[in-house]
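Trainee: I would like to learn how to read a few features from a model. Please take them one at a time.

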Amino acid sequence: MLARVEHWTTIIEPFRIKSVEPIRLTTVEERGARLRDAGYNLFNLHADDVLIDLLTDSGTGAMSAEQWAGIQRGDESYAGSPSWFRFLDAVTELFPFRHVIPTHQGRAAEKILFSVIGGAGKVIPSNTHFDTTRANVEFSGAEAIDCVIAEGRQPSAIHPFKGNMDTDALDALIRERGAENVPVVFVTVTNNSGGGQPVSLANLRVVREVCDRYGLPLFLDACRFAENAWFIKEREDGYADAAIGDIVREMAALADGMTMSGKKDALANIGGWLAMNSDEWAEQSRNLLILTEGFPTYGGLAGRDLEAMAQGLREVIDEDYLRYRIRSTAYLGEALVEAGVPCVQPIGGHAVYLDAAGLLPHVPPLEYPGQALACALYREGGIRGCEIGTVMFGQHPDGSESPAPMELVRLAIPRRVYTQSHVDYVIEVIRWVAERASELRGMRIVQQPSSLRHFTARFEPL
Ligand SMILES: Cc1ncc(COP(=O)(O)O)c(C=O)c1O
């Protein structure tokens with residue numbers, strides 16, 4: 001009997017592989033030695049000593065044949081390059097803000113924006129600030145405050161839009177600190193530090209209302225806008241038949257500007273931008289851009305990078321891609337949950353977050369359970385994840401330290417890179433480590449910088 005293709009339930013990778021990179025297989029002993037050399041900080045490893053690299057989904061994706069073709073087409077004119085205009089068209093098709101300012105990556109957009117609007121005495125609320133966003137806010141002298149809904153702070157609480165802003169808390173914060181001290185309200189889509197959890201359009205509308213009440217601008221940290229839009233299509237009433245591009249435009253229409261890392265949902269290896277409607281902020285931002293990044297039609301980028309992002313923005317809103325992307329992340333998470341491994345639920349868009357506090361209840365937060373678990377996954381199986389807990393968020397500008405709200409290990413899935421058998425291997429390793437979690441010990445920091453310590457701190461096992 002003939003079956004119609006659309007009746008099959010297996011979701012396949014919607015691409016074929018044209019070019020491959022070898023993975024160097026290593027032994028537990030070798031990895032133990034590499035770990036000691038790296039000061040038990042996985043950022044210090046040589047990437048070719050890693051078997052499955054889930055450190056980040058940022059800039060680690062595989063580009064398409066069309067993106068590589070765009071790279072060949074890249075025009076490197078200093079000013080007014082055709083590549084710039086192709087990039088500008090692709091951005092404004094989805095995010096029709098008046099000003100688009102290209103930067104070499106997301107944090108450069110953040111640095112410029114908060115240099116313009118931050119400063120001592122200012123408060124920047126967000127659902128949850130990503131680490132570089134928080135660091136850039138604090139570097140300007142301003143305060144970064146997270147107002148995510150209560151469910152967003154509980155790893156096992158099920159909620160379809162766990163990234164949503166607690167709009168009552170936002171309103172109370174603005175009243176308490178005075179609207180004149182709040183230059184902007186941020187919403188991170190999806191909420192990376194909170195578990196890659198989406199924000200609903202309904203919630204964004206209420207955030208908009210709160211902003212309007214106090215005359216405040218609303219900016220999106222839009223790194224994973226397409227994944228967020230897919231969740232809206234899947235989970236929010238009234239959007240099942242909406243095109244992803246239309247959902248993205250609806251999100252953008254509620255905002256006054258955005259910061260963006262093109263290394264995520266522009267499917268590029270480098271790039272980003274700052275966009276906004278304010279002429280005044282845009283002028284000040286462009287002045288800083290010229291000082292630190294480059295001329296406003298290339299920012300910190302080559303023309304070829306602009307081409308890669310322009311093409312990536314068209315590919316990322318493809319429904320076949322997004323269905324595969326979200327489903328393959330859920331495949332990893334659901335297998336772990338089934339095996340009894342505590343994870344942030346529901347499974348987010350770009351990553352699975354292991355709940356290290358739940359798995360290692362015998363390791364206190366200031367002995368960094370997430371770091372201990374991340375090191376064990378590398379040593380046992382060559383899997384590199386990233387601690388998102390007290391190492392990343394526990395250090396304060398005055399040098400003090402306190403436990404982060406959650407102790408997570410993020411397994412971020414690079415876009416279009418690993419196959420299902422790679423993921424099956426990851427599941428096997430994590431199950432093995434989880435069964436022996438009671439044997440894991442905490443860590444102490446032996447060396448650290450004054451901010452963003454997770455990148456360079458050195459540790460010792462206790
Ligand atoms: C939500 C969020 N905002 C901002 C950034 C910073 O972007 P970039 O790494 O391009 O500087 C990231 C990067 O991971 C992110 O996930």
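Trainee: Which residues do ring pairs link into a cluster?

Mentor: A pair of aromatic rings is described by the distance of the centres and the angle of the planes. Rings of Phe, Tyr and Trp (its six-membered ring) pair if their centres lie within 6.5 Å; planes under 30 degrees apart count as stacked, over 60 as edge-to-face and the rest as tilted. Here the cluster consists of Trp84, Phe85, Phe87 and Trp273. This is a predicted model, in which local features need pLDDT of at least 70 and side-chain atom pairs count only at pLDDT 80 or more, while totals for chains, interfaces and linings use all residues. Residues are numbered from 1 along each chain as its sequence is written, and side-chain values use heavy atoms, with hydrogens and water left out.

Trainee: How many aromatic pairs does the structure hold?

Mentor: There are 13 aromatic pairs. One of them joins Phe43 and Phe455, edge-to-face, at 5.0 Å centre to centre with 80 degrees between the planes. This pair links distant parts of the chain, 412 residues apart: Phe43 is in the loop between α1 (28-37) and β1 (52-53), and Phe455 is in the loop between β13 (443-447) and β14 (458-461). Helices (H or I, at least four residues) and strands (E, at least two) are DSSP runs, numbered from the N terminus.

Trainee: Why does Phe43 count as partly exposed?

Mentor: Buried means under 20% relative accessible area, exposed over 50%, and partly exposed in between (1.4 Å probe, protein chains only). Phe43 counts as partly exposed because its relative accessibility is 28%. Phe455 is also partly exposed, at 28% relative accessibility.

Trainee: Is Ala437 buried or exposed?

Mentor: Ala437 is buried, because its relative accessibility is 4%. Ala437 sits in the loop between α16 (420-435) and β13. Contact means heavy atoms within 4.5 Å. Apart from neighbours within four places in sequence, Ala437 is in contact with Leu359, Leu360 and His362. The C-alpha atoms of Ala437 and Leu359 are 6.5 Å apart, although 78 residues separate the two along the chain.

Trainee: What do the totals for the protein look like?

Mentor: The protein has 16 helices and 14 strands, and 57% of its 462 residues are buried. Of the contacts with a separation of 6 or more, 72% are between residues 24 or more positions apart. Along the principal axes, the C-alpha atoms fill a box of roughly 65 × 55 × 45 Å.
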